[in-house]
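The points can be read with the sequence and coordinates at hand.

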Amino acid sequence: MSCEHVERDLDTYLDNELDAATAMDVRGHLNECAACHRRVAEREALGRLVRAAPYYSAPDRLRARVLAQTTRARSVRRLLTWAAAAVLFVSLGGGMSLWRSAVTHGDAMPDEVVDSHVRSLMASHLFDVESTDQHTVKPWFLGKLDFSPPVADLASIGFPLVGGRLDYIGGRPVAALVYQRQRHTINVFVSPVLNDVVTRANVQSLRGFHIHHWVHDRMSFWAVSDLNEAELTEFCKALEAS
Amino acid sequence: MPLRAFEETVLPHLDAAFNYARWLTKNSAEAEDVVQDACVRAMRFLSSMRDDDARAWLFAIVRNTFYSRVSRRANMAEAIPLDSAKDARPDVALDPEERLLQQHTVALVRAALEQLPVDFREVIVLREFEGLSYKEIAAVVRVPIGTVMSRLARGRERLMAVLKLTAPMETLR
């Protein structure tokens, strides 16, 4: 291999982009030719120098701005989802007290509701007060909460009340009422609605659980269970009517 | 979910995207704007990304963003004032005199790189800093591999010529 060839292949050789056979030829030449050897060494030194130039990392504020963008894009999408759902609701005449939403709820509540439900089942901390008697469960919350949750027993239609518990959802204390349907547990989280939100009912599935949410008489209800959707709907309607 | 995909595949390359943009624009504020715009585009075109080439894909978007801004404001790229190099990583193992020499050298290299025409500068940055292959660089810059080779060679020749005039000779050995 001639000096001209080596000079031509200098960069591809140093960048490891030369095929193996040609690279071997270059190496062979470098062992014999001091001038080319010097040239390669110089080029390697240049590479080291260049890599010593500043590597500019993204400033934190840029990272924050980009993250804010994705969050914004997400909330815009949520808004569109809700708008689409609202249109659907109106177009159905609003005759249904519950409507189905295949999409995610706009805030973190469904996640927290499922988390609390799962926690209550796993930690064997289903009740603070174990009783099938609504007249025992309801007073138990007195002094523990600044509101009085409506407690109904639906044993007559196959959803016996089994107890109650104090829980925290959305950073606030809530009353957790526990109902049973055969071997399925239903957690109902009740808390007062702070402002006059529009009553809207919503059904969704999250991580394999069904969630119903509605507002009634200034109280917010979140029912969550692995019970099948039809029976949970029946339960929620009965609870709302009680 | 596309937005989660964005956070998982694009955000890890934010430093690389910024470094590339910073060398393209030679200006920190400008580079931030380019990267932010590029991320908006990236979010929009996320479906066009193949799983394995998120970084090169992002570089291409950064580059397109940069050039569409340049064409909107002609000659902007060369009219931007230079920032001071804040991010040079000093080698703590060096004694003060050597460190001074090194800082001096880093400043010289940086100035020499910034003096290069942007076509040469970007291939050197993608090759030396990001370790992209010729093929990947060709995809980002949208030129044939042969052009990548000749730009790298000519860019390095120019760099060498400038540095031989300014840098302490021993740093080139």
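What percentage of the 242 residues of chain A count as buried?

1. Overall burial. The model is predicted. Chain A has 242 residues, and 45% of them count as buried.

2. Elements and their order. Chain A holds 7 helices and 7 strands. Read from the N terminus, the order is α-α-α-α-α-β-α-β-β-β-β-β-β-α.

3. A helix pair. Helix H1 of chain A covers residues 3–14, and helix H3 of chain A covers residues 34–51. The two pack with axes 11 Å apart, at an angle of about 25°. Angles under 35 degrees count as roughly parallel, and H1(A) and H3(A) are therefore described as roughly parallel to each other. Their crossing is right-handed.

4. Residues at that contact. H1(A) contributes A:Cys3, A:Val6, A:Glu7, A:Leu10, A:Asp11, A:Tyr13 and A:Leu14. On the side of H3(A), the residues they meet are A:Cys36, A:Arg39, A:Val40, A:Arg43 and A:Glu44. By class, the residues of this contact comprise 7 nonpolar and 5 charged, with no polar ones.

5. Strand E3 of chain A.

6. Pairing of E3(A) with E2(A). Strand E2 of chain A spans residues 161–169 and is joined to E3(A) by 8 bridges, the two strands running antiparallel. Across this pair, A:Ile169 stands opposite A:Arg172 of E3(A). The hairpin of E2(A) and E3(A) has 2 residues between the strands, and A:Gly170 in this hairpin takes a positive phi near 60°.

7. Pairing of E3(A) with E4(A). Strand E4 of chain A, residues 184–192, pairs with E3(A) over 7 bridges in the antiparallel sense. Here A:Ala175 stands opposite A:Val190 of E4(A). The hairpin of E3(A) and E4(A) has 2 residues between the strands, and A:Gln182 in this hairpin takes a positive phi near 50°.

8. E3(A) in summary. E3(A) is joined to E2(A) by 8 bridges and pairs with E4(A) over 7 bridges.

How values were computed: Residues are numbered from 1 along each chain as its sequence is written. Chains are lettered from A and ligands numbered from 1 in the order in which they are written. This is a predicted model: local features need pLDDT of at least 70, side-chain atom pairs count only at pLDDT 80 or more; totals for chains, interfaces and linings use all residues. Side-chain values use heavy atoms; hydrogens and water are left out. Axes are lines fitted to C-alpha atoms, for helices over the stretch in contact, and angles run from 0 to 180 degrees between N-to-C directions. Helices (H or I, at least four residues) and strands (E, at least two) are DSSP runs, numbered from the N terminus. Angles under 35 degrees count as roughly parallel, over 145 as roughly antiparallel, 65 to 115 as roughly perpendicular and the rest as oblique. A crossing is left-handed if the near helix is turned anticlockwise from the far one by less than a right angle, and right-handed if clockwise. Contact means heavy atoms within 4.5 Å. Ala, Val, Leu, Ile, Met, Phe, Trp, Tyr, Cys and Pro count as nonpolar, Asp, Glu, Lys and Arg as charged, and the others, Gly among them, as polar. Two strands pair if DSSP finds at least two bridges between them. Buried means under 20% relative accessible area, exposed over 50%, partly exposed in between (1.4 Å probe, protein chains only).
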